[in-house]
Amino acid sequence: MMQITKPVSFENVVSMEDLSAEDVLSFIHEAQDFKAGKQIALKRPVYAANLFFESSTRTHTSFEMAERKLGLQVVNFDPSNSSLSKGESMSDTVKTFQAIGVDLVAIRDKQNEYYKDLIADPNVHVGIANGGDGSGQHPSQSLLDMMTIYEEFGHFEGLKVAIVGDLTHSRVARSNMKVLTMLGAHVYFGGPKKWYTEEFAKYGEWMPIDDLVEEMDVMMFLRVQHERIADDENGSFSAEKYHAQYGLTAERESRMPQRSIIMHPAPVNRGVEIADELVECDKSRIFEQMHNGVFVRMAIMTSMLRNRDLIKEEY
Ligand code: CP
């Protein structure tokens, strides 16, 4: 059944900081409607392109699946065979896609807040969905995480959510600690204390993993991002030691409350953040998060289609 919420309409969807609690709930409800079979009809052919200047499996393919399910035509882009190798900028690449008739783009780039210059440019009119910027924001991941939690518990108020792992390099941690707090959940942190800086302390206390597993409703693990960690730190990193000190072992999982769930944005370093056999255990929602990602990205693209008055009918 369709949910009655304020339809979301955004020119661009680039940061969770632009969204109110009501907006987040509206995105979740619209994504749930798409999961339940909602469809849209477009007023004219609409074109989308996914400009991923940094590697991705889930976000890239999930945006493409969402676009195809909405009836959008998807224009291919392969950065390794593009004119980026001749020195063309991201801005000129975006303007090129706009000039050939693309209406909406999803972009991922290693530069934090790359989208600010694009949005400020009066010659850029294409709708921008942020698929992740450096260690900044990852709004579609954050919304799919919120959808997965909401599906499980039906509310956020008073839930205890732990974010455990490589906080410093994680755009997921930054997006989620803010939105969870805004929605009324209590945020806690775990993992190596060197990654728990003042920025995170403002949102919640750090606790040892052995205490977190016994108290939390949601245990959200983060990947150790070796590609963003200095070589000398990577050289001294031991997967076994990290897993023993900060990871979800079978013994720790056995002490989690019955209704609690395990989340991870993936890709997972199996046997590091989470024991290999727990990635698909009963409490794990990791693959459901990916499944929900398609419907959340349908809702994100729909909000930009609605903003441009490109939707003929919703049913
Ligand atoms: N969770 C996530 O962003 O995965 P990808 O890097 O594969 O897109």
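A polar contact is a pair of N or O atoms within 3.5 Å; within protein, one must be able to donate a hydrogen and the other to accept it, and residues adjacent in sequence count only if both atoms are side-chain atoms. By this criterion, a polar side-chain atom of Arg108 lies 2.9 Å from an oxygen atom of the ligand. The model is predicted, with local features needing pLDDT of at least 70 and side-chain atom pairs counting only at pLDDT 80 or more, while totals for chains, interfaces and linings use all residues. Residues are numbered from 1 along each chain as its sequence is written, and side-chain values use heavy atoms, with hydrogens and water left out.

**Ligand surroundings**
- Ser56, Thr57, Arg58, Thr59, Arg108, His138, Gln141, Pro265 and Ala266 surround the ligand, each with a heavy atom within 4 Å of it.
- This shell comprises two nonpolar, five polar and two charged residues.

**Further ligand contacts**
- A backbone N or O atom of Arg58 is 2.9 Å from an oxygen atom of the ligand.
- A backbone N or O atom of Pro265 is 2.9 Å from a nitrogen atom of the ligand.
- On its own the ligand has 260 Å² of accessible area, of which the protein covers 90% (Shrake-Rupley method, 1.4 Å probe).

**Domains**
- The protein is divided into domain 1 (12–137 + 291–312) and domain 2 (139–286), with bounds from an automatic or database domain assignment.
- The contact takes 35 residues from domain 1 and 26 residues from domain 2, where contact means heavy atoms within 4.5 Å.
- The C-alpha centres of the two domains lie 26 Å apart.
- Both domain 1 and domain 2 give residues to the shell around the ligand, so the ligand lies between them.

Definitions and conventions. Ala, Val, Leu, Ile, Met, Phe, Trp, Tyr, Cys and Pro count as nonpolar, Asp, Glu, Lys and Arg as charged, and the others, Gly among them, as polar.
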